[in-house]
Amino acid sequence: MSAQLLAMQRAIQRIHTLVEAPRLKSFSLNAPKTVEVEYANGGKFSLPAEFLRVYSPAADGKIRSIGGEKVIFGRRHVGIMSAEPVGNYGVRIVFDDLHKTGIYSWDYFYTLGTNKFTLMRNYIKTLKKHGLSRDPPKRK
């Protein structure tokens, strides 16, 4: 991720700790492409698999480091295979690229949902800056 993206994520986390996310009302996995979450305050978000994969809360060995920036690319067509409950606070999402170490809390889903368009726009800018694509690399 770019330094700008990391700074934004840190700022979101700081703001988020000051304002607690509303109570989760419903969670729905629409495999393989989206997760839908709805909150008691009326907030409802449809979060695409690619977006969730790129913003996985786990460290990932498939991240390319470019000039100190961590960038995940080529995940446009990634799918969600399952979502496994983790206690009462979230789920572990298993993606079809076998990434499965991220635990998404209900609060993190809310943060992603409320900032989805800004985060996705910044992600696309970062890819363009480094000449990378959302599409997977072509096999030789």
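Student: Is tyrosine 55 buried or exposed?

Tutor: Tyrosine 55 is buried, because its relative accessible area is 0%. Buried means under 20% relative accessible area, exposed over 50%, and partly exposed in between (1.4 Å probe, protein chains only).

Student: What does tyrosine 55 pair with?

Tutor: Phenylalanine 51. The two form a tilted aromatic pair, 5.2 Å centre to centre, with 55° between the planes. Rings of Phe, Tyr and Trp (its six-membered ring) pair if their centres lie within 6.5 Å; planes under 30 degrees apart are stacked, over 60 edge-to-face, the rest tilted. Phenylalanine 51 counts as buried because its relative accessibility is 2%.

Student: What ground rules apply to this model?

Tutor: The model is predicted: local features need pLDDT of at least 70, side-chain atom pairs count only at pLDDT 80 or more, and totals for chains, interfaces and linings use all residues. Residues are numbered from 1 along each chain as its sequence is written, and side-chain values use heavy atoms, leaving out hydrogens and water.

Student: Where is confidence lowest in the protein chain?

Tutor: In helix H1 (residues 3-18), with a mean of 57; S3 is highest, at 97. The chain averages a pLDDT of 84, and 79% of the residues score at least 70. pLDDT is the predictor's confidence in each residue, from 0 to 100. Where pLDDT is low, the predicted coordinates should not be read in detail.

Student: Switching to the sheet. What is the strand order?

Tutor: S1-S2-S3, in an open sheet of three strands with antiparallel pairing. Strands S1 (24-30) and S3 (44-48) are the edges, each pairing on one side only. Helices (H or I, at least four residues) and strands (E, at least two) are DSSP runs, numbered from the N terminus. Two strands pair if DSSP finds at least two bridges between them.

Student: How many bridges join S2 to S3?

Tutor: Five, with S2 covering residues 34-39. Valine 35 has leucine 47 in S3 as its bridge partner.

Student: Which helix lies across the strands?

Tutor: Helix H3 (residues 106-114) lies across S1, S2 and S3, at about 85° to S3. Axes are lines fitted to C-alpha atoms, for helices over the stretch in contact (heavy atoms within 4.5 Å). Angles run from 0 to 180 degrees between N-to-C directions.

Student: Back to rings. How many aromatic pairs are there?

Tutor: Nine. One of them is tyrosine 39 with phenylalanine 45, tilted at 6.2 Å and 55°. Both tyrosine 39 and phenylalanine 45 are buried.

Student: Which residues form the aromatic cluster?

Tutor: Phe27, Tyr104, Trp106, Tyr108 and Phe109.
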